[in-house]
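Visitor: I would like to learn how to read this model feature by feature. Where do we begin?

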Amino acid sequence: MKKEVLSLLKPYECKSLLDMTFGAGGHSRAFLEGSPDSSVLALDRDPLAYRLAQELEDEMKGKVTALNGRFSELPQLLGKVKVRPGSLDAVLMDLGVSSMQLDTGQRGFSISLDGPLDMRMDC
């Protein structure tokens, strides 16, 4: 799905992206690689995804800002990092459960692996 997302974002026109479902960061990384002058706000409420966003933030200094929280907290999170209303070019939401949750039985999302039924992003 990465190719389709990038074609819709048209990285050469989009300079600032809010990735509201960062996950493992595949879309954000591809976006930044396709448009070196761009930046990404990487939001996720899953602690593992947030750590991955922080790693990408360290790797791509000045291009990524990692945000940890819920969709409902977005106004406060954007305010903390001084994002002005109307300053983002695009918002990406890849809704659903990611393989990071499904591939680990202990996370409580898997239907094929043993583990407790939990289904919370914060474990």
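Guide: Begin with contact, which means heavy atoms within 4.5 Å. Helices (H or I, at least four residues) and strands (E, at least two) are DSSP runs, numbered from the N terminus. This is a predicted model: local features need pLDDT of at least 70, side-chain atom pairs count only at pLDDT 80 or more, and totals for chains, interfaces and linings use all residues. Residues are numbered from 1 along each chain as its sequence is written, and side-chain values use heavy atoms, with hydrogens and water left out.

Visitor: In which element is confidence lowest, and in which is it highest?

Guide: pLDDT is the predictor's confidence in each residue, from 0 to 100. Where pLDDT is low, the predicted coordinates should not be read in detail. Here the protein averages 84, and 76% of the residues score at least 70. Helix α5 (residues 99-102) is lowest, with a mean of 62. Strand β3 (residues 64-68) is highest, at 98.

Visitor: In what order do the four strands form the sheet?

Guide: Strands of a sheet pair through backbone hydrogen bonds, either parallel or antiparallel. Two strands count as paired if DSSP finds at least two bridges between them. In this model the order is β3-β2-β1-β4, in an open sheet with parallel pairing. β3 and β4 (90-92) are the edge strands, each pairing on one side only. From one strand to the next, the twist averages 15°.

Visitor: How many bridges join β1 to β4?

Guide: Three bridges join strand β1 (residues 16-19) to β4. Leu 18 has Val 91 as its bridge partner in β4, and Leu 17 stands opposite Ala 90. β1 and β2 pair over four bridges. There, Ser 16 partners Ser 39 of β2.

Visitor: Which β1 residues are buried on each side?

Guide: In a regular strand the side chains alternate between the two faces of the sheet. Buried means under 20% relative accessible area, exposed over 50%, partly exposed in between (1.4 Å probe, protein chains only). Ser 16 and Leu 18 are buried on one side of β1, Leu 17 and Asp 19 on the other.

Visitor: Which residues of α2 are buried?

Guide: An α-helix has 3.6 residues a turn, so residues three or four places apart point the same way. In α2, the residues His 27, Ser 28, Ala 30, Phe 31 and Leu 32 are buried. The buried residues of α2 pack against α1 (2-9), β1, β2, α3, β3 and β4. A crossover is right-handed if, with the strands pointing away from the viewer, the path from the first strand over the helix to the second runs clockwise. β1, α2 and β2 make such a right-handed β-α-β unit.

Visitor: How many salt bridges does a search of the whole structure find?

Guide: Side chains of opposite charge can pair when their charged atoms come close. A salt bridge is a side-chain nitrogen of Lys or Arg within 4 Å of a carboxyl oxygen of Asp or Glu. The search finds two. Glu 59 meets Arg 29 at 2.9 Å, N to O. Glu 59 lies in helix α3 and Arg 29 in helix α2, so this pair ties together parts 30 residues apart in sequence. Glu 59 is partly exposed, at 49% relative accessibility; Arg 29 is partly exposed, at 29%. Lys 61 meets Asp 58 at 3.8 Å, N to O. Lys 61 is exposed, with a relative accessible area of 62%.

Note on methods:
Axes are lines fitted to C-alpha atoms, for helices over the stretch in contact, and angles run from 0 to 180 degrees between N-to-C directions.
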